[in-house]
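Here's a quick tour for anyone meeting this structure for the first time. Have a look at the model before reading on.

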Amino acid sequence: MFPLDIRQSPEWLLYLEFLGWEKIETSNGVRAALMDNKLGKAIKVQRPEKVVSSDLEEIEKVALERKISMIKVEPSLNQDLKILEDAGFIPQGSPLSPPTTIFIDLTLNPEDLWAQLSDSCRYSIRRAQREGAKTEFFTNPSKEKVAEFYKIHASTGKQKSFYIQGEDEIQKKVELFGDKAILGIVSTKEGAATGANLYLGYGKGIWFIHGGTTAEGRKTKNGYELYWQSFLYFKSLGYAWLDLEGVDDRRYPAFTKNWGGLSHFKERFGGTRVEFPSPYVKLFNPWLRKLSKYVNLQI
């Protein structure tokens with residue numbers, strides 16, 4: 001029903017290579033990434049459509065050859081979890097990707113998209129429009145535009161205690177995704193930017209990846225208008241699904257502890273809430289096997 005996750009895209013694997021990972025691809029096209037350096041020895045497989053026994057055998061062969069400590073799989077909704085369990089994988093609760101998210105069905109007509117918004121959300125959009133909010137979209141944005149976005153993004157992260165990637169990493173994502181990287185900026189009627197979101201597309205889906213709001217923007221309802229106009233814009237481009245990329249998840253309080261306010265904001269836009277299965281790991285290092293009984297392992 002939902003699109004193949006962006007973390008299975010060729011561009012995302014190239015981005016991971018930029019970060020120091022090595023890419024792996026099975027005969028069936030399942031993409032994974034391997035880390036083998038002083039930072040760790042691990043393989044991660046993030047949201048493949050599904051893995052079968054032969055995929056796991058190929059990946060495990062690489063792991064054994066490279067003396068990798070563990071393999072972590074983040075299953076999709078289509079995954080037969082018994083295949084993982086029969087191969088010796090165990091559920092292990094430390095996600096790398098947002099474990100719960102909201103998908104917006106962009107195949108709906110604009111009237112139905114509008115109808116699924118909460119009353120307060122519709123009020124906020126109308127208010128932003130009355131106050132003259134203006135939204136612009138930039139496909140494959142220039143380095144200057146990304147730098148403008150990054151200032152807003154970084155200041156929001158600092159204010160909200162979110163982890164913020166370096167500007168060079170975000171610039172690299174835009175470079176690799178090219179015309180599938182889209183920046184939306186909302187401004188006041190006087191032209192002052194008050195918020196911005198960066199989206200990346202893959203197949204029929206598009207993902208909210210990074211965002212931010214200025215101090216002035218938090219005094220307005222412009223953020224609602226930015227999201228609403230994003231729905232209409234991506235629908236016009238032919239995308240079928242928009243992943244709002246993460247909302248609060250009680251299963252992982254530490255991972256999502258700072259997401260409450262943003263989650264409540266996203267939930268006002270309706271859509272379909274999706275809860276992914278727990279990550280699964282297979283451990284090859286005896287010390288990690290003992291440690292895993294007491295702590296959640298990270299990659």
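This is a predicted model: local features need pLDDT of at least 70, side-chain atom pairs count only at pLDDT 80 or more; totals for chains, interfaces and linings use all residues.

Residues are numbered from 1 along each chain as its sequence is written, and side-chain values use heavy atoms, with hydrogens and water left out.

**The seven-stranded sheet**

- Seven strands make an open sheet with mixed pairing, and their order is β7-β8-β9-β10-β11-β6-β12. Strands here are DSSP runs of E with at least two residues, helices are runs of H or I with at least four, and both are numbered from the N terminus; two strands pair if DSSP finds at least two bridges between them.
- At the edges you'll find β7 (134-139) and β12 (272-275); each has a single partner strand, so one side of each is left without a neighbour in the sheet.
- On average, neighbouring strands of this sheet are turned by 25° against each other, direction ignored. The angles run from 0 to 180 degrees between N-to-C directions, using axes fitted to C-alpha atoms (for helices, over the stretch in contact).
- β8 (residues 181-187) and β9 (residues 193-202) run antiparallel and are joined by seven bridges. Within that pair, S187 sits opposite A193 in β9.

**The six-stranded sheet**

- Another open sheet, also of mixed pairing, has six strands in the order β1-β2-β3-β4-β13-β5.
- Its edges are β1 (22-25) and β5 (90-91), each with a single partner strand, so one side of each lacks a neighbour in the sheet.
- Five bridges link β2 and β3 in the antiparallel sense, and M35 stands opposite A42 in β3.

**A helix pair**

- Helix α8 (residues 222-236) packs against helix α9 (residues 260-267) at an angle of about 55°, and their axes are 11 Å apart.
- That makes α8 oblique to α9 (under 35 degrees counts as roughly parallel, over 145 as roughly antiparallel, 65 to 115 as roughly perpendicular, and the rest as oblique).

- On a 1 Å grid over the protein atoms alone, a cavity is a set of points where a 1.4 Å probe fits but cannot get out, a pocket is an open set with protein on both sides within 12 Å along at least five of seven lines, and lining residues have an atom within 4 Å of a point. A volume is the space filled by probe spheres set on the points, with grid points joined across faces, edges and corners.
- Residues lining the largest cavity include R7, W12, A33 and V45.
- The second largest pocket holds about 220 Å³ of space. Of its 15 lining residues, F2, P3, S76, L77 and N78 are the closest to its centre.
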